[in-house]
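This report is meant for a reader who is meeting the structure for the first time. Please look over the sequence and the model before reading on.

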Amino acid sequence: MNDMRIVERKVDANEVKISARTCQVYYGDTHAIKDVDVDIQDKTVTAFIGPSGCGKSTFLRCLNRMNDTIDICRVEGDIHLDGEDIYDPKVDPVQLRAKVGMVFQKPNPFPKSIYDNIAYGPRIHGLAKTKADLDEIVEKSLRRGAIWDEVKDRLHAPGTGLSGGQQQRLCIARAIATEPEVLLMDEPCSALDPIATAQVEELIDELRARYSVVIVTHSMQQAARVSQKTAFFHLGNLVEFGETGQIFTNPQDPRTESYITGRIG
Amino acid sequence: MPVLWIVLIVLTLGGVGFVIGRMRAMASADGDPRHLHSLPNYYGTHVFLAVTVPSMLLLVMWLLVQPLVINSQVSSLIPQEAVSEGSSLGLMMADVRRVADGLDTAVAAGAMTSEEASQIRTEFTDIRERLGAVGVALGSDVRPEVLKAAQRYRELSGRYGLIMAVVIIGIALAGMAFAWSRSHAEFRARNVVESAIKSLLILASSIAILTTVGIVLSLIFNTIEFFKLYPAANFFFEPTWLPSFGGGTDSDGNPLSKLGILPLLWGTLYISVIALLVAVPIGLFAAIYLSEYAGPATRAFAKPMIEVLAGIPTIVYGLFALLTVGPLLVDVFGAGGLLNVSWMQGGTAVMTAGLVMGIMLIPFVSSLSDDIINAVPQAMRDGSLGLGATKSETIKQVVLPAALPGIVGAILLAASRAIGETMIVVLGAGAAARLSMNPFDAMTTVTAKIVSQLTGDADFASPEALVAFALGMTLFLVTLGLNIFALYIVRKYREQYE
Ligand SMILES: Nc1ncnc2c1ncn2[C@@H]1O[C@H](COP(=O)(O)OP(=O)(O)O)[C@@H](O)[C@H]1O
Ligand SMILES: [Mg+2]
């Protein structure tokens with residue numbers, strides 16, 4: 001834990017973007033998320049940490065209703081985005097997912113060209129009127145994904161031909177291209193080498209200026225490096241939630257303390 | 001000695017070898033298996049293999065060669081003059097074997113002593129009647145040369161059979177002694193057994209490959225024979241298929257039959273295209289529903305139900321075409337039918353066969369496509385759904401394009417099935433070779449004509465019969481090409497997600 005570099009960062013805004021109240025998730029009879037209350041702020045990186053199987057991914061997938069795609073999964077409780085209940089029958093999950101983008105653990109570029117990968121979301125949502133608009137969106141997204149310089153000469157090469165780290169930044173750029181308000185990332189660096197990880201972490205820090213970012217990570221160092229808020233999950237419960245610095249230096253709950261000192265794996 | 005007995009004896013010896021080999025190895029390690037190089041059973045297996053494999057291989061070869069040797073020795077007994085008009089030495093030898101078998105049966109049934117069987121003469125006994133009494137029917141009276149040859153045949157096969165038994169069991173024993181003497185603690189029995197097993201596996205795959213080569217060779221020789229009798233240019237480019245009944249040639253020496261493959265290829269392609277037009281959309285949509293929309297319960301029920309279609313014998317599809325689909329189409333498109341057009345003259349038509357064949361092909365397309373769609377990683381779908389795409393957008397824009405090469409492969413495999421299909425065509429499309437655009441006309445295909453040319457009573461050496469091999473060869477090359485292309489595409493697709 002000595003190499004842990006805790007940076008105190010000012011949280012720019014205190015506006016609540018997503019708020020969850022008494023959230024429960026069941027997979028069939030398994031109770032995977034128990035009574036979770038959490039407020040995720042705008043323009044902030046929030047990290048979810050916890051031992052594997054504790055429900056971090058499950059809870060993250062509640063925030064853009066990706067759990068709807070799993071037949072046996074059932075979500076209860078209230079989750080509000082900008083004060084609107086996202087589980088309201090009036091809400092179209094497809095529209096919600098355009099607003100709440102997601103980046104997955106394993107880079108999953110489509111077997112299409114780099115350009116088509118980025119243009120995929122804008123095309124589906126009709127964000128570009130002309131080809132020039134689309135070109136502009138693609139360039140802007142690739143720039144924000146910090147990968148423009150590496151791919152600008154081969155936009156029509158397949159996205160699957162990039163290296164792992166490049167693929168993951170491509171996926172981040174792809175998620176950004178639909179102009180989301182929240183970006184969910186499920187262990188985005190777990191399949192990457194340290195250099196690619198550093199690039200992605202740097203990118204996450206830049207993204208904070210525009211988006212609310214929620215990142216699941218199994219690395220406490222990473223949580224400490226990139227996040228302002230940290231939530232610690234254990235066995236489906238949200239054990240502790242607060243300023244990252246505070247969670248790592250002065251945890252209130254004994255379970256948090258055992259986890260960050262390495263006693264719960 | 002019957003072959004079955006030899007096999008049983010060799011296997012028993014192998015079992016004994018297993019036990020003694022294992023025991024000797026154990027004894028050499030003072031009863032402690034940890035001092036052995038390999039597990040004790042490997043020493044046993046080593047002896048077992050040494051006993052059985054060489055002797056069995058020899059047995060198989062012996063059984064293949066023995067008839068040839070006996071044949072050549074016996075056929076010298078039949079004088080050239082004895083071969084009657086319209087017959088041949090080969091046919092005579094077949095008679096000889098039949099009589100020899102008949103004598104065997106008679107002896108086994110107790111109707112004759114074996115002494116009698118090797119002594120009787122046609123001059124004194126009516127062989128045909130005596131063999132008929134034990135259920136062996138002969139086509140004509142047995143002539144003296146044939147009976148003598150048959151007796152010689154029996155004598156030789158008895159003698160060689162005995163030699164074979166002795167040699168094979170001897171080889172088995174020698175193998176046992178050799179392997180047993182090697183069963184020491186240091187002996188690497190495991191490595192030897194593994195390499196023996198590897199050779200067995202190689203042998204199995206070579207048999208499969210050699211059979212293919214054999215099939216191709218037999219086609220090639222007969223095809224060459226055909227092209228000697230009939231000009232290749234006419235075969236490939238003449239637009240008529242009109243085999244004349246008696247065969248024969250005109251005054252210029254040209255064959256009277258017109259054996260152009262074009263009308264047959266046209267029929268084949270026309271019917272296959274209609275079949276694919278039916279099978280591909282239905283199969284593909286069914287596959288998409290099953291893999292993307294159906295719940296596990298529906299899937300578990302529907303997938304096997306669709307695959308039942310693949311298990312129906314094609315002759316049953318043929319009957320379905322002939323009795324149901326054909327008349328139904330005539331009711332609609334025939335004279336005085338529902339549409340009041342008279343496009344269709346009879347129930348057998350390209351359309352009838354094509355529709356039914358299409359139904360037959362549905363499971364080929366759907367089952368393979370379903371597997372291929374399922375092989376598209378879930379991460380692709382999640383990625384698309386996570387960007388706010390709907391399910392059908394995801395399928396159209398991500399899943400299907402990713403699965404496309406594989407689906408094309410599935411379609412090509414279905415196409416080669418369609419091209420090779422015979423029964424449905426015979427019953428559904430008629431027998432008229434015709435170059436016509438009307439899908440309601442009767443036409444026929446390459447496969448159907450192969451059957452009719454070979455089952456007709458044309459002389460086997462005439463171009464009218466040999467053309468079947470040229471047709472078969474053409475068909476083989478076409479489907480082989482399609483299959484190779486399909487495999488190439490499927491393989492390319494597999495690499496994409498490695
Ligand atoms: N698709 C699923 N079906 C059934 N159970 C699941 C599924 N996904 C996750 N779970 C269960 O939910 C719990 C939380 O899983 P997850 O959210 O993936 O944990 P984490 O991401 O923290 O490692 C685990 O016990 C897991 O077994
Ligand atoms: Mg997870």
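Is Phe226(B) buried or exposed? In this predicted model, Phe226(B) has a relative accessibility of 0%, and it therefore counts as buried.

## Aromatic pairs

Over all chains, a search of the whole structure finds 17 aromatic pairs. One of them joins Phe226(B) to Phe235(B) in an edge-to-face arrangement, with 5.5 Å from centre to centre and 75 degrees between the planes. Phe235(B) is also buried, because its relative accessible area is 0%.

Another aromatic pair, formed by Trp343(B) and Phe440(B), is stacked, with the ring centres 5.9 Å apart and an angle of 25 degrees between the planes. This pair links distant parts of the chain, since its members are 97 residues apart: Trp343(B) is in the loop between α11 (314-333) and α12 (350-375) of chain B, while Phe440(B) is in the loop between α15 (423-428) and α16 (446-455) of chain B. Trp343(B) is partly exposed at a relative accessible area of 44%, whereas Phe440(B), at 7%, is buried.

## Charges over rings

In chain A, Lys229(A) lies over the face of Phe241(A), 5.5 Å from the ring centre. In chain B, Arg24(B) lies over the face of Trp180(B), and here the distance from the ring centre is 4.4 Å.

## The largest pocket

The volume of the largest pocket is about 630 Å³. It is lined by 25 residues, of which Thr69(A), Asp71(A), Glu292(B), Gln378(B) and Lys391(B) are the closest to its centre. Sorted by class, the lining comprises 9 nonpolar, 7 polar and 9 charged residues.

Several helices contribute at least two residues each to this lining, namely α2 (93-99) of chain A and, from chain B, α9 (262-293), α10 (296-311), α13 (378-386) and α14 (391-420).

## Cysteines

The structure holds 0 disulfides over all chains. Cys62(A) is in no disulfide, and the nearest cysteine sulfur, belonging to Cys23(A), is 4.4 Å away; a pair would need its sulfur atoms within 2.5 Å to count as a disulfide. Cys62(A) is buried, with 0% relative accessibility.

Cys171(A) is likewise in no disulfide, and the nearest cysteine sulfur in its case is that of Cys189(A), at 12 Å. The relative accessible area of Cys171(A) is 3%, so this residue is buried.

## Positive phi in two loops

Most residues other than glycine have a negative phi. Glu179(A), however, has a positive phi near 55 degrees, and its place is in the loop between α6 (164-176) and β7 (182-186) of chain A. With a relative accessible area of 41%, Glu179(A) is partly exposed.

Leu235(A) also has a positive phi, near 50 degrees, and it is found in the loop between β9 (229-234) and β10 (237-243) of chain A. Leu235(A) counts as exposed, its relative accessibility being 56%.

Phe469(B) is part of helix α17 (residues 463-495) of chain B, and at 15% relative accessibility it counts as buried. Along the chain, Phe469(B) and Ser367(B) are 102 residues apart, and their C-alpha atoms are separated by 33 Å.

Definitions and conventions. Residues numbered from 1 in each chain as written. Chains lettered and ligands numbered in written order. Predicted model: local features only at pLDDT ≥ 70, side-chain atom pairs only at ≥ 80, totals over all residues. Heavy atoms only, no water. Phe/Tyr/Trp six-rings, centres within 6.5 Å; stacked < 30°, edge-to-face > 60°. Buried < 20%, exposed > 50% of the residue type's maximum accessible area, 1.4 Å probe, protein only. Helix = DSSP H or I, 4+ residues; strand = E, 2+ residues; numbered from the N terminus. Lys NZ or Arg CZ within 6 Å of the ring centre and 35° of its normal. 1 Å grid on protein atoms, 1.4 Å probe; cavity = no way out; pocket = protein on both sides within 12 Å on 5 of 7 lines; lining within 4 Å. Points joined across faces, edges and corners; volume = space filled by probe spheres on them. Nonpolar A, V, L, I, M, F, W, Y, C, P; charged D, E, K, R; others polar.
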